[in-house]
Amino acid sequence: MLVLAFDTATPAVTAAVHDGERVLAESTTIDARRHGELLAPTVERVLSEAGVRLRDVTAVVAGRGPGPYTGLRVGLMTAQGLAATLGVPAHGICTLDALAYGSGLDEPFLAATDARRKEVFWARYADRRTRLDGPSVDKPADVPVAGLPVVGAGAELYPQVLGWAAEPAYPYAGFLAALAAERIAAGAPLDEARPIYLRRPDAAVPGAPKKVTA
């Protein structure tokens, strides 16, 4: 097994390689505006650091979001393109699941990322592997925290409402790759590399022009 995983659903442009037992290489850059520019060299870097070739990859995994449309599609389109070229599966995992997995928590908690517009994407977990509710998008005050720990940068942005933020801040690709490798080894089903959109796109098709009357 050789899993290439990456996520572009948050400001973290992150990629990793996992051999089924451990993360061989991982690289992350925090930049919310350069997903398209940074992803390809980041993938090249982790393959080189891991000492493997792209053609050795047996599965490509991308974070499905939720996340902003522009950044999210960079990772998912790249995953689909690479998988088609290599003739290997393209899998998708909820970005919040990767964030939760990285927390290492075995007690109830929430994971939250920045959804912009003064909102957060969030999900509730029984432990790091088990999602109970979500993903959803809400104003921070509407997230049912109920005194639970909150993992992720979403909590860092709104500590007065969501409380103290637990690590990690972002869904680093090492977590994504490890979770994917665990599920693949167990024969568990993985989702397709398709986006989780919780909002309608900002852009809209213009309507018919209004008639002008004299």
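## His91 and its surroundings

Beyond its neighbours within four places in sequence, His91 is in contact (heavy atoms within 4.5 Å) with Ala59, Val60, Val61, Ala62, Ile184, Leu190, Asp191, Glu192 and Ala193. His91 sits in strand E5, residues 90-93. Helices (H or I, at least four residues) and strands (E, at least two) are DSSP runs, numbered from the N terminus. His91 has a relative accessible area of 17%, so it is buried. Buried means under 20% relative accessible area, exposed over 50%, and partly exposed in between, with a 1.4 Å probe and protein chains only.

## Basis of the model

This is a predicted model: local features need pLDDT of at least 70, side-chain atom pairs count only at pLDDT 80 or more, and totals for chains, interfaces and linings use all residues. Residues are numbered from 1 along each chain as its sequence is written, and side-chain values use heavy atoms, with hydrogens and water left out.

## Overall fold

The protein has 6 helices and 11 strands. Its C-alpha atoms fill a box of roughly 70 × 50 × 30 Å, taken along the principal axes.

Buried residues make up 47% of the 214 residues. Take the contacts between residues at least 6 apart in sequence: 60% of them join residues at least 24 apart.

## Nonpolar cores

A nonpolar core is a set of buried Ala, Val, Leu, Ile, Met, Phe, Trp, Tyr and Cys residues joined through side-chain atoms within 4.5 Å. The largest has 26 residues, of which Leu4, Phe6, Val17, Val43 and Val60 touch the most other members. Two or more residues come from each of strand E1 (3-7), strand E2 (12-18), helix H1 (35-50), strand E4 (59-63) and helix H2 (69-86).

A second, separate core has 15 residues, including Ala16, Ile93, Ala178 and Ala180. In soluble globular proteins, nonpolar side chains tend to be buried together.

## Packing of H3 on H6

Helix H3 (residues 95-103) packs with helix H6 (residues 173-186) at an angle of about 95 degrees, and their axes are 8 Å apart. H3 is therefore roughly perpendicular to H6. Axes are lines fitted to C-alpha atoms, for helices over the stretch in contact, and angles run from 0 to 180 degrees between N-to-C directions. Angles under 35 degrees count as roughly parallel, over 145 as roughly antiparallel, 65 to 115 as roughly perpendicular and the rest as oblique.

H3 brings Asp97, Ala98, Tyr101 and Gly102 to the contact, while H6 brings Phe175, Leu176, Ala178, Leu179, Glu182 and Arg183. By class, this contact has 6 nonpolar, 1 polar and 3 charged residues. Here Ala, Val, Leu, Ile, Met, Phe, Trp, Tyr, Cys and Pro count as nonpolar, Asp, Glu, Lys and Arg as charged, and the others, Gly among them, as polar.

## Backbone exceptions

Most residues other than glycine have a negative phi, and most peptide bonds are trans. The bond from Gly65 to Pro66 is cis, with omega near 10 degrees. Pro66 lies in the loop between E4 and H2. The bond from Gly134 to Pro135 is also cis, with omega near 10 degrees. Pro135 belongs to strand E8, residues 130-138.

Lys118 has a positive phi, near 60 degrees. It lies in the loop between strand E6 (109-116) and strand E7 (119-127), and counts as exposed at 64% relative accessibility. Ala146 has a positive phi of about 50 degrees. Ala146 lies in the loop between E8 and strand E9 (150-151), and counts as exposed at 73% relative accessibility.
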